[in-house]
Structures are given as structure tokens and as C-alpha cells.
Amino acid sequence: MNEPTPSIHDVIHTVFGGAFDESTGIRRRHVQQVEQDLRAYIPAEVDRYLTDDERTLLAAEREFAPDGAACRALDAEVLLSALTGFIAPPYLASDLLLRRAQLNLAEALVGYVAHDLLHGYDTSCIRMEFQWALVKARNALKRERRAQAAERVLAKMSVQDREHMERVISRVTDHPSSTGPEIDGRQSTIHPSFE
């Protein structure tokens, strides 16, 4: 007989407890905030990942004690399925440092559940879906961080430096060098050599 998997509450407590103990200052506050956000996300969105039996169990638990019912009544398999939605809009944190913590902690949760708790089950499809969402979220985070860094640099520049930079950028973007030299009145495209 298979050993029952821990509840969502137990999994969150284990992973976030370890992360909390290993951090200080702002990182510790980020761990706390991500945990609060995840515990709010679970009851709001978990229904879409449930079987009929799990819905019945959750309804009974909600009648008994509604606060935290989903985290107490449902197990780690449900959490694994639901984490992909937690790292996608509209649940991504707007603060970029908090969002980075959110992505890292969600990844730690997936690793813990898939490798430590459900190692005897095929979770590859769920993990691949999560990894795809994680790559998208991290790429978006990088773009936003670069944009914020550029805004900070521009804010420090003088008006003359900004105007000069805008002129240089417009010259570069208006230059036809990306299509190659003109031959017989047509633009030729330069292709790299694969010799």
C-alpha cells in the first residue's frame, strides 16, 4: 500500500520553514510574503485541479473550519499541479525582488514534491509545464529588471546627454545595414557562412 503524501500545509511548512531559517532581513520578509501569497492562491485557484473526491473532501473540511481548509485537506500532488498557475499572471508579484523569491521558492516546492515525496510517480508532464512557465516568468523578470536599470541610468543623465543618446539610437535604428548592401537596385540579405 502506498504511503499517503503530506498535506499542502505540511509541504509549505517544510520548504518555507527551511528557507525562512536560512534567510535574514529583506529575504526573510520575502519568504514570509511569498508564503502568504501562496496560501491565499491555493483556496482561490485550487478547484480547477481537483477530482470529484477531492472536491467533496474539501467541501467537508470547509464546513468544519473554512480558514486554511484547502491547505489542510489536500495533498502534495494537488500542490504540484497548482504551482504552475502561481508563477503566471496575475499572481506574479509586482515587486521584482519579491517576484524572484516567488519563482525560486515555487521551484524549490516543485523539486521537493516531485523528487522527495512523489519520486515513485511520473510527474514529468507537470514538471515540464512548470519549467516552461518558469522560463517565461524568469525571462520576463530579466526584461523588466533591465528596463528598470535603464530608467535609473536615464534619470541620472543630463538633458543634453539624453538628447545625444536619442540621436545615436535613431541613427542606428534608421541605418539600413541590417539588410546588407544594395545590388542592382535591390537589397541583398547577408547570410552567415556555415562552412
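From the N terminus on, the elements of the chain run α-α-α-α-α-α-α-α-β-β, which gives eight helices and two strands. Helices here are DSSP runs of H or I with at least four residues, strands are runs of E with at least two, and both are numbered from the N terminus. Please keep in mind that this is a predicted model, where local features need pLDDT of at least 70, side-chain atom pairs count only at pLDDT 80 or more, and totals for chains, interfaces and linings use all residues. Residues are numbered from 1 along each chain as its sequence is written, and side-chain values use heavy atoms, with hydrogens and water left out.

Let us start with the chain as a whole. Of its 195 residues, 30% are buried; buried means under 20% relative accessible area, exposed means over 50%, and partly exposed lies in between, with a 1.4 Å probe and protein chains only. A contact means heavy atoms within 4.5 Å. Among contacts between residues at least 6 apart in sequence, 66% join residues at least 24 apart.

Now to the helices and how they pack. Two packed helices are described by the angle between their axes and the distance between the axes. The axes are lines fitted to C-alpha atoms, for helices over the stretch in contact, and the angles run from 0 to 180 degrees between N-to-C directions. Angles under 35 degrees count as roughly parallel, over 145 as roughly antiparallel, 65 to 115 as roughly perpendicular, and the rest as oblique.

Take helix H1 (residues 8–21) and helix H2 (residues 25–45) to begin with: their axes come within 9 Å and cross at roughly 165°, so H1 and H2 are roughly antiparallel to each other. By class, the contact of H1 with H2 has nine nonpolar, three polar and four charged residues. In this count Ala, Val, Leu, Ile, Met, Phe, Trp, Tyr, Cys and Pro are nonpolar, Asp, Glu, Lys and Arg are charged, and the others, Gly among them, are polar.

H1 also packs against helix H5 (residues 76–86), at an angle of about 70° and with the axes 8 Å apart. H1 and H5 are therefore roughly perpendicular to each other. Here Ile8, Val11 and Ile12 in H1 meet Ala76, Val78 and Leu79 in H5, and the residues of this contact divide into six nonpolar, no polar and no charged.

From H5 we can move on to helix H6 (96–117). H5 and H6 pack at an angle of about 150°, with their axes 10 Å apart, and are therefore roughly antiparallel to each other. The crossing of H5 and H6 is left-handed. Ala76, Leu79, Leu80, Leu83 and Phe86 of H5 touch Gln102, Ala106, Leu109, Val110, Val113 and Leu117 of H6, a contact with ten nonpolar, one polar and no charged residues.

What lies inside? In soluble globular proteins, nonpolar side chains tend to be buried together. A nonpolar core is a set of buried Ala, Val, Leu, Ile, Met, Phe, Trp, Tyr and Cys residues joined through side-chain atoms within 4.5 Å. The largest one here has 43 residues, of which Leu38, Ile42, Leu79 and Ile87 touch the most other members. The elements that give two or more residues to this core are H1, H2, helix H4 (69–73), H5, H6 and helix H7 (124–156), and the largest share, nine residues, comes from H6. Leaving aside its neighbours within four places in sequence, isoleucine 87 is in contact with Leu92, Leu103, Ala106, Phe130, Ala133, Leu134 and Ala137.

The loop between H5 and H6 is our next stop, and proline 90 is found there. Most peptide bonds are trans. The bond from proline 89 to proline 90 is cis, with omega near 5°. Serine 94 has its place in this loop too, and counts as exposed at 67% relative accessibility.

Finally, look at arginine 145 in helix H7. Arginine 145 counts as partly exposed, at 39% relative accessibility. Not counting residues up to four places away in sequence, arginine 145 touches Leu96 and Arg100.

Conventions
Left-handed = near helix turned anticlockwise from the far one by under 90°.
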